[in-house]
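Have a look at the model below, then try each task before reading on.

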Amino acid sequence: MDKQIEKHELEERAISRESTGAYAYTSISASAVGGVVCAVLGLLFFLNNVLIVLPLAGLALSLMGYSAVRRSPDEVTGGSLARFGMAFSAFVLVGGITWHAWVFATEVREGYERISFRDLKDVPHTRQPYSETAETLDGKKVFLKGYIRPGIRGTNLKDFILVGDFGACCFGGSPKITDVVAVSILGDDRVSYGWGVRKISGTFRLNRKAAQTGEKEVPRVFYQIDADFVD
């Protein structure tokens with residue numbers, strides 16, 4: 001009797017699967033789709049090394065999508081998308097790292113010393129309000145990368161304020177005096193405002209008493225660069 005009941009239950013399950021099989025619903029993995037999107041957007045990593053997060057996110061999402069397809073192949077599709085996302089993210093990641101390493105190794109002109117905005121930050125509770133490193137750089141040929149401060153608009157600029165990033169303080173506010181560098185181009189070259197990174201090669205000047213700039217948001221500066229080249 002028990003065997004007959006068990007057989008009947010199995011038959012009912014089989015009939016149920018057959019009757020619903022034609023209407024079985026499968027969905028494409030959202031992670032796989034997101035992985036491909038991030039992988040393609042990851043090409044922006046070649047322009048800015050901060051955007052390494054895009055190919056990393058593409059790789060992670062694609063792996064998640066591929067795992068979901070492997071776990072539930074009857075319910076989730078998108079394995080091909082996930083494999084493409086993984087491959088393309090890996091390509092962008094390796095290619096971008098290689099590109100930025102090559103740029104870093106070749107971008108400083110001969111005779112100039114690479115510095116960063118981290119070198120110029122003041123240290124609290126020291127005897128002077130500017131960086132101790134800045135004292136050692138005064139009068140030296142330096143190479144510094146940054147951005148034209150948001151708020152400065154126009155073309156054919158000879159003088160502008162350089163900042164290390166587009167922080168919230170730079171949008172209509174007043175950045176710290178040790179977070180900015182006044183740049184004056186010595187030659188005939190001029191620049192236009194834009195979002196791209198600027199590479200400044202020139203002579204570093206430390207104004208120990210802070211020089212006036214004539215700008216409302218950045219009225220004084222400790223640091224200046226008399227630029228020989230602006231790339």
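**Exercise 1.** Find which residues are linked with E107 in a network of salt bridges.

*Solution.* Start with the criterion: a salt bridge is a side-chain nitrogen of Lys or Arg within 4 Å of a carboxyl oxygen of Asp or Glu. This is a predicted model, so local features need pLDDT of at least 70 and side-chain atom pairs count only at pLDDT 80 or more, while totals for chains, interfaces and linings use all residues. Residues are numbered from 1 along each chain as its sequence is written, and side-chain values use heavy atoms, without hydrogens and water.

Next, go through the pairs. E107 meets R114 at 2.8 Å, N to O. K145 pairs with E107 at 3.2 Å, and K199 also bridges to E107 at 3.2 Å. The network therefore joins E107, R114, K145 and K199. By this rule the count comes to eight salt bridges.

**Exercise 2.** Decide whether E107 is buried or exposed, and do likewise for R114 and K145.

*Solution.* Take the cut-offs: buried is under 20% relative accessible area, exposed over 50%, partly exposed in between (1.4 Å probe, protein chains only). E107, at 10%, is buried. R114, at 28%, is partly exposed, and K145, at 33%, is partly exposed too.

**Exercise 3.** Work out where K199 and E107 lie and how many residues apart they are.

*Solution.* Strands are DSSP runs (E, at least two residues) and helices likewise (H or I, at least four), numbered from the N terminus. K199 sits in strand β7 (residues 198-212) and E107 in the loop between α4 and β3, 92 residues apart.
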